[in-house]
Amino acid sequence: MGCSKWRAGFNFGHLKAQSKLSVFLTMIIIFTYLFYCLSGYCESLPRPVYDQQTTFINKILGLNDGLEQQKLDPHKNSSPGSVVRELPGFDSVHSLLQGNDHELRPDNNISIANNFGSKTFPQAIIIGVKKGGTRALLEFLRIHPDVRAVGTEPHFFDRFYDNGLEWYRNLMPRTLESQITMEKTPSYFVTKEAPRRLFALSRHTKLIVVVRDPVTRAVSDYTQTLSKQPGLPSFQSLTFRNSTTGLIDTSWSAVRIGIYAKHLENWLHYFPLSKFLFVSGERLVTDPAGEMGRVQDFLGLKRVVTDKHFYFNQTKGFPCLKKPEGSSRPRCLGKSKGRPHPQISPEVLLRLREFYRPFNMKFYQMTGHDFGWD
């Protein structure tokens with residue numbers, strides 16, 4: 001009898017030890033998996049492996065009870081660790097993201113969520129204008145802790161629209177619920193198809209347009225192109241269709257971009273004026289904190305970026321950001337900003353200013369703001 005009791009006790013203890021060992025091994029597997037996910041390795045796993053691991057861990061944790069697991073097309077570029085929220089009115093996210101023209105219902109904002117936030121479509125976009133001060137504005141905004149922005153210009157709504165919405169969304173940085181996702185592509189403002197395409201994605205996107213004296217902007221545009229193409233014809237020869245009659249060549253992009261009223265009309269077919277903020281490129285240089293205050297108010301952000309963040313660089317002729325904590329030096333815009341303009345005949349500049357005057361007046365009227373370019 002004593003031997004039987006000993007054997008029974010031994011078997012019970014052995015089973016208990018096995019149970020503990022099973023739990024211990026299971027926890028090791030779970031924590032190892034979580035460690036790899038937090039390290040970013042999950043996104044590099046082949047989808048079948050990932051799906052098997054997810055199913056296994058969900059079974060252990062009891063997460064599959066009563067839940068339907070919905071998966072995206074494995075050939076798309078979505079992150080394997082993503083949780084995609086389906087939108088009402090669509091059969092699937094896959095069908096939503098298909099098609100060259102992306103015929104979407106407005107206000108869609110699909111997100112890919114993980115432990116570090118979500119990849120969402122931008123709530124605000126700097127849509128223009130080239131050589132107006134868009135890069136400076138974006139750099140100033142990125143100081144704000146509640147702003148996350150794409151570093152490079154995506155050019156989705158003008159050049160890469162056929163790549164699809166998922167491609168565009170995947171370019172975005174991960175943001176928390178309290179943060180704003182932003183991007184800037186100045187050519188959107190002058191692209192005819194851009195407003196319709198953006199409206200199809202969301203009618204609530206906030207639009208920022210940085211404008212600058214169109215004459216100065218045209219010269220700056222020419223200067224940038226000249227730095228890349230030293231053999232470029234003179235500014236005067238490109239400005240006029242006929243130098244004798246003084247007829248301005250509006251087909252030249254450096255001139256065409258500055259006809260702000262014409263481009264704004266196209267956007268107003270889709271978005272109300274309340275969705276726009278027009279930032280003065282000149283005041284972004286002379287009073288960066290003041291303009292940044294307006295921008296932060298427009299975006300619904302606390303005024304974090306203030307005078308304390310700026311100093312004026314006399315050499316470049318532009319404001320720079322003061323040395324942030326942990327940095328060895330102040331941060332100024334790149335060498336391409338503030339390059340000296342070539343000498344251009346005053347008569348040419350005067351003729352160009354006369355050309356822009358009626359368009360400027362209309363732009364002032366449309367926006368309710370006099371930018372003082374005349």
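At what angle do the axes of helix α7 and helix α13 cross, and within what distance do they come? In this predicted model, the axes of α7 (residues 214-228) and α13 (residues 346-367) cross at roughly 125° and come within 9 Å. Helix α7 is therefore oblique to α13. On the α7 side, the contact is made by P214, V215, A218 and V219, while α13 contributes L349, L352, R353, Y356 and N360. Seven of the residues in this contact of α7 with α13 are nonpolar, one is polar and one is charged.

The protein as a whole contains 13 helices and 13 strands. Of its 374 residues, 42% count as buried. The accessible surface amounts to about 20,600 Å², with 54% belonging to carbon and sulfur atoms. Among contacts with a separation of 6 or more, 68% are between residues 24 or more positions apart.

Strands of a sheet pair through backbone hydrogen bonds, either parallel or antiparallel. Here, an open sheet of five strands has the order β5-β7-β4-β8-β11, and the pairing is parallel. Strands β5 (147-149) and β11 (276-280) stand at the edges; each has a single partner strand, so one side of each is left without a neighbour in the sheet. From one strand to the next, the twist averages 25°. Within the sheet, β4 (residues 124-128) pairs with β7 (residues 180-184) in the parallel sense over three bridges, and A124 stands opposite M182 in β7. Helix α12 (residues 288-298) packs on the sheet, where α12 touches β8 (206-211) and β11. The direction of α12 makes about 170° with that of β11.

Note on methods:
Residues numbered from 1 in each chain as written. Predicted model: local features only at pLDDT ≥ 70, side-chain atom pairs only at ≥ 80, totals over all residues. Heavy atoms only, no water. Axes fitted to C-alpha atoms, helices over the stretch in contact; angles between N-to-C directions. Helix = DSSP H or I, 4+ residues; strand = E, 2+ residues; numbered from the N terminus. Parallel < 35°, antiparallel > 145°, perpendicular 65-115°, else oblique. Contact = heavy atoms within 4.5 Å. Nonpolar A, V, L, I, M, F, W, Y, C, P; charged D, E, K, R; others polar. Buried < 20%, exposed > 50% of the residue type's maximum accessible area, 1.4 Å probe, protein only. Areas by Shrake-Rupley, 256 points an atom, 1.4 Å probe, with all protein chains shown as cover. Pairing = 2+ DSSP bridges.
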